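Please read the points beside the model itself.

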Amino acid sequence: MSQQRDTDAQSLQRPEFVVRKERLYRRLLAGCAALTIAVTLGIILSLSGGALTFFGEVSIVKFLTGTNWSPLVGTPEYGVLPLVSGTLIIVVGSAVVALPIGLGAAIYLSEYADPRVRAVAKPALEILAGVPTVIYGYFALVYLTPILDAPLPIEQVIIPSWLGFSVPIIPSWLTFSVPIIPGGVPLLPEFTLVVSEFTLVVSEFVFVIPSLGAFNALSASITVGIMIIPMVSSISEDAMSAVPDSLREAAYGLGSTKFDVSTSVVVPAATSGIVSSYVLALSRAIGETMIVTMAAGQSPKMPYFPNVLQNFTDSVEVMTAAIIKIVSAESLGQTATYESMFAIGLTLFVLTLAMNIIAELVRRRFREAY
Amino acid sequence: MATKPETGESIRRERRFSLKEIKGKAFEGILVAATLVGIAALLVLFGYMFFDAVRPLTASAEWYLLFFATLVAPTSAFALYSRRHPAVRRMNARAFAAVFGGLAISLAAWVVFSATGPHGLLLYVLLASISPLAVAGYGKYVERSMFVGPAMVVVTLVVLLWTLGSEVLVFALFDLVGLLFGWIPVLGSLRPPVAPSILVTAVSTGGPTLAVLLYLLRRDSSRRSFAFVPVVAALSGLGTAGFDFWLQPTVDLLPDWVAYLGLVCLPVAAVVAVVVARRAAVRQGLTAGGAVIAGNLAVGVIALALSVDPSFWVVLFSGAVVPVGYVVGDAVVANRKGRVGLLGPFVLIGGVLFGALLEDVINATGPDTWITPTLLLSTWNGIEPTQAGAYAEIVGSIMIVSVMALMSFPVGVGAAIYLEEYAPETGPAGRFANFIEINIANLAGVPSVVYGILGLALFNNFLDFPPGIVISAGATLGLLILPIVIVSAQEAIRSVPDSLRRGSYGMGASRWQTLRNVVLPEAVPGILTGTILALGRAIGETAPLIVIAVPVRTSTPSGLFDSGAAVPLRIFASAANAIPAYRKGVLAALAVVLLALMLTMNAVAIVLRNRYQTDGN
């Protein structure tokens, strides 16, 4: 019996050549997969190699705490904080645009839209993420900034003159007292004093947005926000669709309306997915290069403090734009300025990597398993 | 029974004015608005650029009338007709794919080949194809031909590497010998007794031959396998020595159009022959392939007789006329259902031509658009906006995208196959695979400018390539899209049902056979969809190209090792131009071209996916 089985096993054995061929193919394919690790290693090595040389010349503490970034003019100074704050301004601006809109779109697509609407709307939204960023940058610089910069009332911009009439978007009675930028509100100690002054001069304030520069953070951050809407909406929508129907049915059974189900059942159950989509979208905003380089300009500065809105009307420089600026500069050779690019790249890489890992951890840790 | 509708009524009446109802409606309204904001932003973006690029208000009313009468009306009538007949619609889709796909591919091939010159490329195609063909032929001749698959891959790689590297190796050996023995008085002054070219030939032919001979002797192989020895000798001689001293001069002697015949017509003929042979019989396949070659020769001879350079017409014939002919022939011979659908693209083209003719006759003024032949076919002009074009950038973009696709597609699909089909769940190999998956997810989130720095460090600094050449641009972007390609290929492979795999295993197929014959054919549309989407995204990538110092140039790149050019770089470089004709004219037109390209690629990918999904069900 056992003899029989042995010969059977032998005849079932593949010829040695076939076995070796299979092994060859498996190794080739595993090599392809291992190449991705080589890419990561390459990124880390190339960034840290340049960054180490840079930190040999400029101390790492000075780099991380310096408030002046001027690598190309006069005595170079390498403080990364202005660049980080510029990035932060863009991220905050784009978050204001993208997070609510993306979440709203996700809830609509997952809970309200009928399948035919969703089949059209979801790919249409995803096109937004595929538009080349250089076109977004061009749009922000050439089209969006002049629109935002047009003197209010807005109707001159929105309603073409050939229609022959104008609809006031901002009714004239509203323009009496909306101090958008009250010429620099002083810090807290004089606060009460300011308020009294403030009430006195109210009548002189009109609805003014300080005029935008040709390069400004506002149009750049709005455009970045538009670009990352689909990241938020797609990933959040996936998370909401994964919430089992039994939860919804139970809520309906208790007499809930669709509003109740969406806000108190689906959104809480999908929180981990929503938060991770937020983090991923913001990490994309941090790494975005062309929009901010083209539309936000290249003048690094520390943020204006109490007068926060002015940060958006002025030009800023973000980390990615600083890299582009250094690369585009003529014949730097192996100077500290050239190496500083690697240090910024490393900062950027660590920042986005940390955010991606956080997003993944949030998704895993707080995922409700059904 | 009678109370039931009443209670329903009362509940509804009660809820009509409830606060909850209003709140729910308001909430829904906000959600719809949020969704619409995104889509509206897209429309505004396209709308502004399109308006400035095309300037639709400058056309006269007659022109619009003509436009609708000759183009919109016939095509929409045809579309409505084909919607109601599924067979017609399918045929229509195939005809569109053949006509416009063929046109696009042959034009892209033409601009790239004419920029780089056909001879060098032909040489590499010959080198890369002769040896696997020889192996395949040998495999047909012997009975046990299991080795053919791996041998073809290995032989191609070895021949290419050996051809490009053997000369370097021989001269490096000379240097080494000189370094080691140069100090000995007599030996140092000795020169090799023969010309270096012959020495290179001898070494590069003898090396592999000897290696194979020794291998066979040691393994005590059958007498039959010694047939390999002359094959290897011939191949390595041809591939290396022949390359420099025989093949290259011969190829360089060929007139341009003959080189194009070899470069375009022969591969197309081979593909047609194989496809027809699979569907019908070998003999018919050979006839079809022969017909393609004969047609090409006829085109060449006619063009020569008219004293026109036949190169372009040969490429156009092979790339566009042959696929259209194949689809038409197929519809006439095999799939007679819905033949009317073939007319679809010709209704469109005929409408355009007829409209253009009538436009001249009745003197209608069309829109004063910026999207003109000049924009696509001439190089940049910084002084005269109406003369400015982006031909060099378009050629550069096509070259970069081709390099990118060639590099990322095989590696990406290979990695996806490993992760989905081979990698175990547990053990060290399982942990390895898990680590790779996490790594890929993280790579997808790395900013593109960081990939640019990688390209800068790897190609410009480490490998010491000249800055911004086509091949380093393509490779950098290839690394950038690698994670996207891998993830989408993984999804496509995962969606192949397990029952198919089990069926294949049950019939005794090995893992690789199952992959090649069952899994991959099922997964190909999905893999292609993901790859096309990734390429469409990478076409507009700018930041990495700036970092690796791709220049903004006005002449076409003359090869893979010449500095590249790309359309998005031109947009970036000129966006700050203050002259309105550039700022809101030429650039808007370029942006529209780039967007149209991206949208077309997306549409192709979506159509492919839908078709695949309906076929799967």
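**Notes on a predicted two-chain model**

1. A residue at the end of a helix. A:Tyr112 has its place in helix α4 of chain A, which covers residues 81–112. The model is a predicted one, and the remarks below should be read accordingly. A:Tyr112 is partly exposed, because 16 other C-beta atoms lie within 10 Å. When its neighbours within four places in sequence are left aside, A:Tyr112 is in contact with B:Glu28 and B:Leu31. Within its own chain, A:Tyr112 and A:Ala220 are 108 residues apart in sequence, and their C-alpha atoms are separated by 32 Å.

2. Confidence. The model as a whole scores ipTM 0.82 and pTM 0.81. For chain B the average pLDDT is 80, and 83% of the residues score at least 70.

3. Chain A in outline. Chain A contains 16 helices and two strands. Of its 370 residues, 40% are buried. Taking the contacts in chain A between residues at least 6 apart in sequence, 77% join residues at least 24 apart.

4. A covered helix in chain A. Helix α15 of chain A, residues 319–328, is mostly covered, with seven of its ten residues buried. The buried residues of α15(A) are A:Met319, A:Thr320, A:Ala321, A:Ala322, A:Ile323, A:Ile324 and A:Ile326.

5. Chain B in outline. Chain B has 23 helices and zero strands. Buried residues account for 34% of its 617 residues. Among the contacts in chain B with a separation of 6 or more, 77% are between residues 24 or more positions apart.

6. Where the chains meet. How many residues of chain B are in contact with chain A? The count is 68 residues of chain B, which are in contact with 73 residues of chain A. Helix α2 of chain B (residues 19–54) gives the most to the chain B side, with 17 residues. By class, this side of chain B comprises 48 nonpolar, 13 polar and seven charged residues.

7. A helix pair across the two chains. Helix α2 of chain A (residues 16–57) packs with helix α16 of chain B (residues 427–444), their axes 9 Å apart and at an angle of about 50°. The contact of α2(A) with α16(B) has six nonpolar, three polar and no charged residues.

8. A helix pair within chain B. Helix α3 (residues 61–83) and helix α13 (residues 344–362) of chain B have axes that come within 9 Å and cross at roughly 165°. Because the angle is over 145 degrees, α3(B) is roughly antiparallel to α13(B). The crossing of α3(B) past α13(B) is right-handed. Among the residues of α3(B) that make the contact are B:Trp63, B:Leu66, B:Phe67 and B:Phe78, and α13(B) contributes residues including B:Val347, B:Leu348, B:Phe354 and B:Leu358. In this contact of α3(B) with α13(B), twelve residues are nonpolar, six are polar and two are charged.

9. Positive phi at an exposed serine. B:Ser307 has a phi near 50°, a positive value in a residue other than glycine. This serine, B:Ser307, lies in the loop of chain B between α11 (282–305) and α12 (311–333). Is B:Ser307 buried or exposed? B:Ser307 is exposed, because 6 other C-beta atoms lie within 10 Å and the limit for an exposed residue is 12 or fewer.

10. Positive phi at a buried alanine. B:Ala549, although not a glycine, has a positive phi of about 65°. The loop that holds B:Ala549 runs between α21 (543–547) and α22 (567–574) of chain B. B:Ala549 counts as buried because it has 20 C-beta neighbours inside 10 Å, and a residue is buried at 20 or more.

Terms used: Residues are numbered from 1 along each chain as its sequence is written. Chains are lettered from A and ligands numbered from 1 in the order in which they are written. This is a predicted model: local features need pLDDT of at least 70, side-chain atom pairs count only at pLDDT 80 or more; totals for chains, interfaces and linings use all residues. Helices (H or I, at least four residues) and strands (E, at least two) are DSSP runs, numbered from the N terminus. Two residues are in contact if their C-beta atoms, placed from the backbone, lie within 7 Å. Ala, Val, Leu, Ile, Met, Phe, Trp, Tyr, Cys and Pro count as nonpolar, Asp, Glu, Lys and Arg as charged, and the others, Gly among them, as polar. pLDDT is the predictor's confidence in each residue, from 0 to 100. Axes are lines fitted to C-alpha atoms, for helices over the stretch in contact, and angles run from 0 to 180 degrees between N-to-C directions. Angles under 35 degrees count as roughly parallel, over 145 as roughly antiparallel, 65 to 115 as roughly perpendicular and the rest as oblique. A crossing is left-handed if the near helix is turned anticlockwise from the far one by less than a right angle, and right-handed if clockwise.
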